[in-house]
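Please look over the sequence and the model below before reading on.

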Amino acid sequence: MSEPPAPGVRVRLWDLPTRLIHWSLVALVAFSWWSAEEGEMELHRYSGYAVLALLVFRLYWGFAGSSTARFAGFVKGPAAVAAHLRSFAQRGPSDIAGHNPLGALSVLALLAALIAQVGFGLFAVDVDGLESGPLSHLVDFDTGRVFAELHETSFNVLLVLIGLHLAAIAFYLVYKRDNLVRPMVTGWRTFSGPAPAVRFAPAWRILVGVVLAAAAAWAVARGFRF
Ligand code: HEM
Ligand code: HEM
């Protein structure tokens, strides 16, 4: 006879901006890769500006967003990471409302790798000087080539981090029986214990973030030449 389902309480965990940013980043990283491989450099740059805008918004949201999106809410010290590692001795989902202390490190690493990827691309110049990032006029040709090399290297680093990210999600699903993907899609998650408190940011803050992100991407795309 199968066991009756454990009683659970449904909690809204991730706000819409956090989820939209995540799935847009997934689509745009794939599109950036494809466009670079196909030599569609104009599309590649537009895709990069969109990633830049999303990153600016995500950094802002890390300070002004809902409690599960704030860096202060999920970035913890080594003791919390060690305690989380010890919890692997037991299978079953955790009751943490948001990123766990170990996942927080991968969130920071992914965001840093994406910032590096975009940052290097802005200064990159291709081998014949025909295709370049919008800030490449600030550096000489050889330095632009170095940025292009860094842009290629950081992409490989990004691919490794994405591989680890997916492996960790699969591990939580199979070993901890914890489906992290569904909440990142729907926003909602079921907890077996008491409902954790999540504070959601007011909608006007989204507007401020959109203006900030759009202004930053527009200024960078113009190479700060107004
Ligand atoms: C998530 C964002 C991005 C990803 C994943 C990405 C990925 C790539 C990849 C895989 C290449 C080919 C590297 C090679 O094999 O030579 C490339 C080339 C290039 N990217 Fe990006 N890129 C991104 C953002 C940007 C941005 C924001 C810009 C500038 C606006 C940019 C400008 C360039 C340029 C100029 C090249 C050609 C460099 C060369 O031919 O040596 N990229 N990018
Ligand atoms: C280009 C590929 C990807 C990148 C760059 C990426 C990046 C990120 C980032 C930055 C976060 C932190 C979210 C935030 O707080 O804003 C995150 C979380 C997350 N990602 Fe991805 N991701 C990628 C692919 C995927 C895919 C394909 C899946 C699903 C199979 C996925 C599932 C998740 C989940 C479930 C979380 C939340 C983890 C948790 O509960 O702590 N990601 N990802």
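What follows goes from the overall layout to the details.

This is a predicted model, in which local features need pLDDT of at least 70 and side-chain atom pairs count only at pLDDT 80 or more, while totals for chains, interfaces and linings use all residues. Residues are numbered from 1 along each chain as its sequence is written, and chains are lettered from A and ligands numbered from 1 in the order in which they are written.

The protein contains 8 helices and 2 strands. Helices here are DSSP runs of H or I with at least four residues, strands are runs of E with at least two, and both are numbered from the N terminus. In sequence order the pattern is β-α-α-α-α-α-α-α-β-α. The C-alpha trace spans about 70 × 35 × 35 Å along its principal axes. Of the 226 residues, 23% count as buried. A residue is buried if 20 or more other C-beta atoms lie within 10 Å of its own, exposed if 12 or fewer, and partly exposed in between, with C-beta atoms placed from the backbone. Among contacts with a separation of 6 or more, 71% are made by residues 24 or more positions apart; two residues are in contact if their C-beta atoms, placed from the backbone, lie within 7 Å.

Two packed helices are described by the angle between their axes and the distance between the axes. Axes are lines fitted to C-alpha atoms, for helices over the stretch in contact, and angles run from 0 to 180 degrees between N-to-C directions. Helix 2 packs on helix 5 at an angle of about 140°, and their axes are 10 Å apart. That angle makes helix 2 oblique to helix 5: angles under 35 degrees count as roughly parallel, over 145 as roughly antiparallel, 65 to 115 as roughly perpendicular and the rest as oblique. The crossing of these two helices is left-handed. A crossing is left-handed if the near helix is turned anticlockwise from the far one by less than a right angle, and right-handed if clockwise. On the helix 2 side the contact is formed by Gly48, Val51, Leu52, Leu55 and Arg58, which meet Leu111, Leu114, Ile115, Val118 and Gly121 of helix 5. By class, this contact has 7 nonpolar, 2 polar and 1 charged residues. Ala, Val, Leu, Ile, Met, Phe, Trp, Tyr, Cys and Pro count as nonpolar, Asp, Glu, Lys and Arg as charged, and the others, Gly among them, as polar.

Helix 2 also packs against helix 8, at an angle of about 140° and with the axes 8 Å apart. The two are therefore oblique to each other, and helix 2 passes helix 8 in a right-handed crossing. Residues of helix 2 in this contact include Tyr49, Leu52, Phe57 and Trp61, and those of helix 8 include Arg205, Val210, Leu212 and Val220. The residues of this contact divide into 16 nonpolar, 1 polar and 1 charged.

Ligand 2 has 20 residues around it, of which Val29, His99, Gly103, Leu180 and Met184 come nearest. At least two residues each come from helix 1 (16-37), helix 5 (101-123), helix 6 (141-174) and helix 7 (181-186). The largest share, 6 residues, comes from helix 1. This shell has 14 nonpolar, 5 polar and 1 charged residues.

A few single residues remain. Glutamate 42 is found in helix 2 (residues 41-64) and is exposed, with 9 other C-beta atoms within 10 Å. Its C-alpha atom is separated by 8.7 Å from that of glutamate 131, 89 residues apart along the chain.

Most residues other than glycine have a negative phi. Arginine 177, in the loop between helix 6 and helix 7, has a positive phi near 50°. Arginine 177 is exposed, with 10 other C-beta atoms within 10 Å. Phenylalanine 224 has a positive phi near 60° and lies in the segment after helix 8 (203-221). Phenylalanine 224 counts as exposed because 11 other C-beta atoms lie within 10 Å.

Key: A residue is near a molecule or strand if its C-beta atom, placed from the backbone, lies within 6 Å of it.
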